[in-house]
Amino acid sequence: MVAGAAPYGKRGGAALAVKGARIAWIGGAAEAAAKAAANQVPVEDCRGLWMTPGLIDCHTHLVFGGNRVEEYEKRLCGVSYEEIARAGGGIRSTVEATRAAAADSLLASATLRATRLMSEGVTTIEVKSGYGLELAAERRMLEVARELSRRLPVSVRTTYLGLHALPLEHQASRAVFVEQASGAWLETLANAGLVDAVDAFCENIAFTLAETEQLLRAAQDLGLRAHVHAGQLTDMGAAELAAKYAALSADHLEYLSAGGAAALAASGTVAVLLPGAYFMLRQSNPPPVPLLRQAGAAMAVATDCNPGTSPCTSLLLALNMACTLFGLTPEEALAGATRHAARALGLEAELGTLEVGKRADFALYQIERPAELCYNLGANPCVGVVHAGEMRPGASYMPARCAPGSP
Ligand SMILES: [Zn+2]
């Protein structure tokens with residue numbers, strides 16, 4: 001699939017040439033074969049496969065300590081949220097486990113999750129901090145996220161989620177926490193080159209509009225763009241605030257007014273839909289997709305991979321849920337994991353479509369039509385991945401006819 005007017009940007013019988021890490025040429029297969037023979041360039045014959053831009057998971061909390069499986073099991077055995085929270089469960093248990101975890105152990109568990117995403121054709125992952133809630137642990141999370149991209153053939157964008165939850169030690173000193181998180185900590189982490197963007201959980205159980213704005217203003221002063229967790233449980237006007245600061249994205253949006261949708265469209269802020277959390281929380285009011293469509297807002301889809309509300313390491317499953325639960329068309333969902341996801345990370349000039357000059361990130365699928373990427377539940381039709389012009393090692397990805405060096 002290449003950028004263009006046809007549905008899905010579909011193009012049949014096409015070929016693509018890679019030079020270094022970039023897409024150097026796109027054209028017809030016959031012309032490609034002739035050029036390749038004349039220039040003695042190796043060719044991979046991927047006949048019968050579909051090629052898409054590398055998928056982009058633009059909202060994850062991939063780095064964390066421990067997990068919440070016991071909590072999940074308890075809830076299903078009848079223990080209430082309140083009892084679990086009183087026993088130290090919920091987000092606090094993840095904060096505790098993340099603070100206690102060494103970088104090596106965070107890296108090991110995050111690598112496993114990233115690898116699962118990558119096996120489906122994901123080539124770029126956004127990773128948020130936010131389970132440290134103190135400088136040292138936030139820094140460790142962001143360093144681990146950076147390390148992932150050095151160790152694995154995948155690109156990582158880091159987001160400092162400074163305002164995720166109020167830590168236990170600050171229950172009585174809320175303003176001090178917000179001041180530190182938006183001030184000295186942000187500055188230190190940004191100066192260390194660990195922050196690509198910031199984020200805040202703006203919600204009645206988390207942070208207010210004014211507190212969120214404090215972080216967004218501080219980020220703006222440092223020249224950083226923002227994401228905002230907005231409208232997951234209530235409409236507090238967080239989408240409008242995100243738009244006011246020209247945020248890269250506003251995420252969740254189950255509760256969003258027509259005015260909020262229009263504001264997102266006007267500011268070019270991408271609406272990131274996270275059906276995994278919606279599903280796990282058994283919510284019943286999907287984001288107002290018709291309003292977003294009508295307003296002309298770009299919609300992306302992500303896993304929201306996190307231990308509490310979306311332990312999901314399948315972007316293809318998130319695409320299915322975005323279609324089945326939220327009513328996106330498969331074409332909208334796929335755009336949401338490619339071109340609009342790239343925009344949600346501010347990377348639209350570099351990624352998200354197959355175009356000459358963009359980075360050579362793409363995935364190959366054994367499917368009959370693109371909607372199959374949304375249709376299957378729990379199947380992985382990905383048979384090959386190229387990241388920055390390099391074919392990912394792992395023979396299982398590639399069928400015999402696509403093996404490197406074959407004619
Ligand atoms: Zn999230």
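Me: Hi! Which protein atoms are the donors of the zinc ion?

Reply: Hi! Keep in mind that this is a predicted model. The zinc ion has H59 (NE2), H61 (NE2), H229 (NE2) and D304 (OD) as its protein donors, and they lie 2.1 to 2.6 Å from the metal.

Me: And what is the geometry of the site?

Reply: The site is irregular, with angles of 80 to 167 degrees among the 4 donor atoms. Four donors count as tetrahedral if all angles lie between 85 and 135 degrees.

Me: What spacing do the donors follow along the chain?

Reply: The pattern is H-x1-H-x167-H-x74-D. H59 sits in the loop between β4 (55-57) and α2 (69-76), while H229 belongs to strand β8 (residues 225-230), so this pair ties together parts that are 170 residues apart in sequence.

Me: Is H59 buried or exposed?

Reply: H59 is buried, at a relative accessible area of 0%. H229 counts as buried too, with 4% relative accessibility.

Me: Nice. Switching to helices: how many residues of α14 are buried?

Reply: In helix α14 (residues 315-324), 8 of the 10 residues are buried, so the helix is largely enclosed by the rest of the structure.

Me: Which ones are they?

Reply: The buried residues of α14 are L315, L316, A318, L319, N320, M321, A322 and C323.

Me: What about α6 and α8, how do their axes cross?

Reply: Helix α6 (residues 135-151) and helix α8 (residues 184-191) have axes that come within 11 Å of each other and cross at roughly 30 degrees. The crossing of α6 past α8 is right-handed.

Me: Which residues make the contact?

Reply: From α6 they are L135, E138, R139 and L142, and from α8 they are W185, T188 and L189. By class, that contact has 4 nonpolar, 1 polar and 2 charged residues.

Me: Now T111. Where is it placed?

Reply: T111 is in helix α5 (residues 103-119). Its relative accessibility is 24%, which counts as partly exposed.

Me: What is T111 in contact with, leaving aside neighbours within four places in sequence?

Reply: Apart from those neighbours, T111 is in contact with L148 and L152.

Me: On to backbone angles. What is the phi of Q40?

Reply: Q40 has a positive phi, about 50 degrees, although this residue is not a glycine. Q40 is in the loop between α1 (29-39) and β3 (50-53), and it is exposed, with a relative accessible area of 74%.

Me: And what is phi for A388?

Reply: For A388, phi is near 50 degrees, a positive value in a residue other than glycine. A388 is placed in the loop between β13 (382-387) and β14 (390-391). At 22% relative accessibility, A388 counts as partly exposed.

Me: Back to the loop between α1 and β3. What can you tell me about E44 there?

Reply: E44 lies in that loop and is partly exposed, with a relative accessible area of 30%. From C-alpha to C-alpha, E44 and F326 are 38 Å apart in space, and they are 282 residues apart in sequence.

Me: Last one: where does P393 lie?

Reply: P393 lies in the segment after β14. P393 is exposed, with 67% relative accessible area. P393 and L273 are 120 residues apart in sequence, and their C-alpha atoms are 31 Å apart in space.

Technical notes: Residues numbered from 1 in each chain as written. Predicted model: local features only at pLDDT ≥ 70, side-chain atom pairs only at ≥ 80, totals over all residues. Heavy atoms only, no water. Donors = N, O, S within 2.8 Å, 3.2 Å for Na, K, Ca; no water. Tetrahedral: all angles 85-135°; square planar, octahedral: opposite > 155°, others 65-115°. Helix = DSSP H or I, 4+ residues; strand = E, 2+ residues; numbered from the N terminus. Buried < 20%, exposed > 50% of the residue type's maximum accessible area, 1.4 Å probe, protein only. Axes fitted to C-alpha atoms, helices over the stretch in contact; angles between N-to-C directions. Left-handed = near helix turned anticlockwise from the far one by under 90°. Contact = heavy atoms within 4.5 Å. Nonpolar A, V, L, I, M, F, W, Y, C, P; charged D, E, K, R; others polar.
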